[in-house]
Amino acid sequence: MSVLANLKGATSLADLASILGYKPSALAYILYKIPDSAKYQKFTIPKSGGGEREICAPVERLKTLQRHLANALYACRDEIDRESGLRPLSHAFRRTVIVTNDRRHKLSIITNARRHKRQRYVLNLDLQDFFPTFNFGRVRGFFIHNNDFKLNDKVATIIAQIACFENALPQGSPCSPIVADLIAHLLDVRLAQLAKKHQLTYSRYADDLTFSTSRRDFPPSIAAPVTPESPEWAPGRELAKVIDKSGFVINPTKTRMQFRMSRQLVTGLTVNAKVNIRPEYYRRARAMCHSLFETGQYYRPLSVPETEAEDGEDVKLEPVTSLNPLQGILSHIHHVKDAIDDRPEPEKRMDATAARKLYARFLKYRYFVRLDRPLIVCEGKTDNIYLKHAIRQLTDFHPKLGEWEDNSFKSAIRFFNYTGQAHKLLELGGGASDLKYFFIKNRYAEDVRGFKHRPLAHPVVILIDNDDGADGKKGLLSTIKTNFNINIDLKSNDSFFHITDNLYLVKTPGKGKKVKSCIEDFFDPKLLKTKLNGKKLNLKKDHGADGEYGKYLFAEKVVRPNADKIDFSDFKPLLERITAVIDHYKPPD
């Protein structure tokens, strides 16, 4: 039975708790025993256009519950979308995938902007105070009366209690976006009907509404100049009436009409000829990177967001040393540029765009040069899971590798993330063969020394299994010998090998009389015999085969949920090798 069907059939707190994966007592405790004053932490963040936005961040227990509710509602909307067969009108807070030109695209600012490219007129409007618009009664009433849901009154009440804080959907809750977007669908339907009536194209991204058309004249009932000579436009009476009737308010300062002969922007992207990043935005990102790579800091706009600054406008800048804001900018640029690049992925890698190269260079700087902690690069993400839990459990390595503080574990090292963009852009997909990047002659050294600012405060540790995958003429160990004249074979028992600069190699140690080893050898053999749904573990495959399961499921379904009960003591020799590297490395003066 689907999640939507289960929700429709639910009549009690116990029913809803079961759907969300909770015991009734646990759900009731979070809702009714934790005081409202202790459920959220309030703080403010600056808005991109000035002013401040209040964030209400739920405490971890409530946040997890809200995430479970969000996942259930996303599943419901997926089912509703499939049954309707209609093209989505909103492009934010969705998991829906659409297909254009035989390519699959997740709904985003890109798909939203594509709806409005090459048009004579593009009108942008904003809804004011989007999340606070949805009060407790509105949320509860939606789930009771909406034709797609029609939930039991008590269940709808509990959902509203989970989702709302101080009589509104809080910004900071994982379920606020999906709840708000579900309720705003009625607005979308009404505005789409209005747009069709006037031969316009309509779409919404969160609180950002866009109408476009190539008609000779824009319909004044939708929007018109404030005065005949004014460059400012205001919403027309018919449009304002529909938005007001749907329970929303237009932000009077954010209405903007853009014409074909000028730059047209939709959700920050140009749409005149094709969807793309603003040239000034990309140029500023390049300048930021140049400054960062030269000096260790860069400058970003202090008040006016780059996406809104006019050509030639004098934008005040502030110095920044944190890498996170710049990574967000580069990630955004790469996401857009990569989405509009119709070439297959292998061609994108072989003939990379300037934007892709710039982001890859930034990631090398972040991961290998500007480290705030030692970096461990394993052969894949499963190894990361093993080591993180081993370090947590083995107090002999606290605090050098990490330690517990206030019931939270603080790691003193980082692991290379094989689930983000970095592994794709740096061509590190996991496995010993991909790790050759680090050991091709002078490649790593040239990358590192290509940055004028290179603190190299911590080591980069490449951790590999000491097995046949690293051996042989084309293996990683042979590559190291050829390019660095360092003799390493499977019998080498050194704790570590210093390759160049801050780069080290560590092999898994032998166990007993065995010379060859892999990281799974350090688990109790009984654990390796654990069956999942009657299937046996096959360590030679990541995802298993018929009658088998692979290393990924072993890490996620066996190790992770049972970590507190697993004996990790045989991991000590391996962790001692990592600790030896940290003790050995001395940063340059």
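Which residue lies over the face of F248, and at what distance from the ring centre? The residue is R138, and the distance is 4.6 Å. Before I go on, please keep in mind that this is a predicted model.

Let me stay with F248. At 3% relative accessibility, F248 counts as buried, since the cut-off for buried is under 20%. F248 also has a ring partner, F130. A pair of aromatic rings is described by two things, the distance of the centres and the angle of the planes. For F130 and F248 the centres are 6.2 Å apart and the planes are at 20 degrees, so the pair is stacked. The cut-off for stacked is under 30 degrees. Where do the two residues of this pair lie? F130 is in the loop between β5, residues 121-126, and α6, residues 136-145. F248 is in the loop between α10, residues 237-245, and β10, residues 256-259. The pair therefore ties together parts that are 118 residues apart in sequence. F130 counts as buried too, at 7% relative accessibility.

The next pair is F218 and W233. Their ring centres are 6.1 Å apart and their planes are at 85 degrees, so this pair is edge-to-face. F218 sits in the loop between β7 and β8, residues 223-225, while W233 belongs to strand β9, residues 233-235, so the parts tied together here are 15 residues apart in sequence. Are these two residues buried or exposed? Both F218 and W233 are buried. For F218 the relative accessible area is 7%. Leaving out residues up to four places away in sequence, F218 touches Y121, L123, L200, F211, T213, A223, W233 and M257.

The model has 36 aromatic pairs. One aromatic cluster is formed by Y367, F368, F416, Y418, Y437, F438, F439 and Y444. There is also a lysine to mention: K337 lies over the face of Y282, at 5.7 Å from the ring centre.

Next, strand β7, residues 208-213, which contains S212. S212 is buried, with a relative accessible area of 0%. Which side chain makes a polar contact with that of S212? The partner is H116, and the contact is 2.7 Å. H116 is also among the residues that S212 touches, along with R115, Q119, Y121, V122, L200 and T201, again not counting residues up to four places away in sequence.

Last, helix α9, residues 185-197. The helix has 13 residues, and at 1.5 Å a residue these should span 18 Å. The end C-alpha atoms are 18 Å apart, which agrees. Which residues of α9 are buried? They are L187, D188, L191, L194 and A195. These residues cover an arc of only 130 degrees around the axis, which puts them on the same side of α9. On the other side, Q193, K196 and K197 are exposed. The cover over the buried residues includes β6, residues 201-205, as well as β7 and α10. Just after the helix, Q199 takes a positive phi of about 60 degrees.

To go back to where we started: F248 has R138 over the face of its ring, and F248 forms a stacked pair with F130. That is the end of my part.

Definitions and conventions: Residues are numbered from 1 along each chain as its sequence is written. This is a predicted model: local features need pLDDT of at least 70, side-chain atom pairs count only at pLDDT 80 or more; totals for chains, interfaces and linings use all residues. Side-chain values use heavy atoms; hydrogens and water are left out. Helices (H or I, at least four residues) and strands (E, at least two) are DSSP runs, numbered from the N terminus. Buried means under 20% relative accessible area, exposed over 50%, partly exposed in between (1.4 Å probe, protein chains only). A polar contact is a pair of N or O atoms within 3.5 Å; within protein, one must be able to donate a hydrogen and the other to accept it, and residues adjacent in sequence count only if both atoms are side-chain atoms. Contact means heavy atoms within 4.5 Å. Rings of Phe, Tyr and Trp (its six-membered ring) pair if their centres lie within 6.5 Å; planes under 30 degrees apart count as stacked, over 60 as edge-to-face and the rest as tilted. A charge sits over a ring if NZ of Lys or CZ of Arg is within 6 Å of the ring centre and within 35 degrees of the ring normal. The expected span of a helix is 1.5 Å times one less than its number of residues. The arc is that of the directions from the helix axis to the C-beta atoms.
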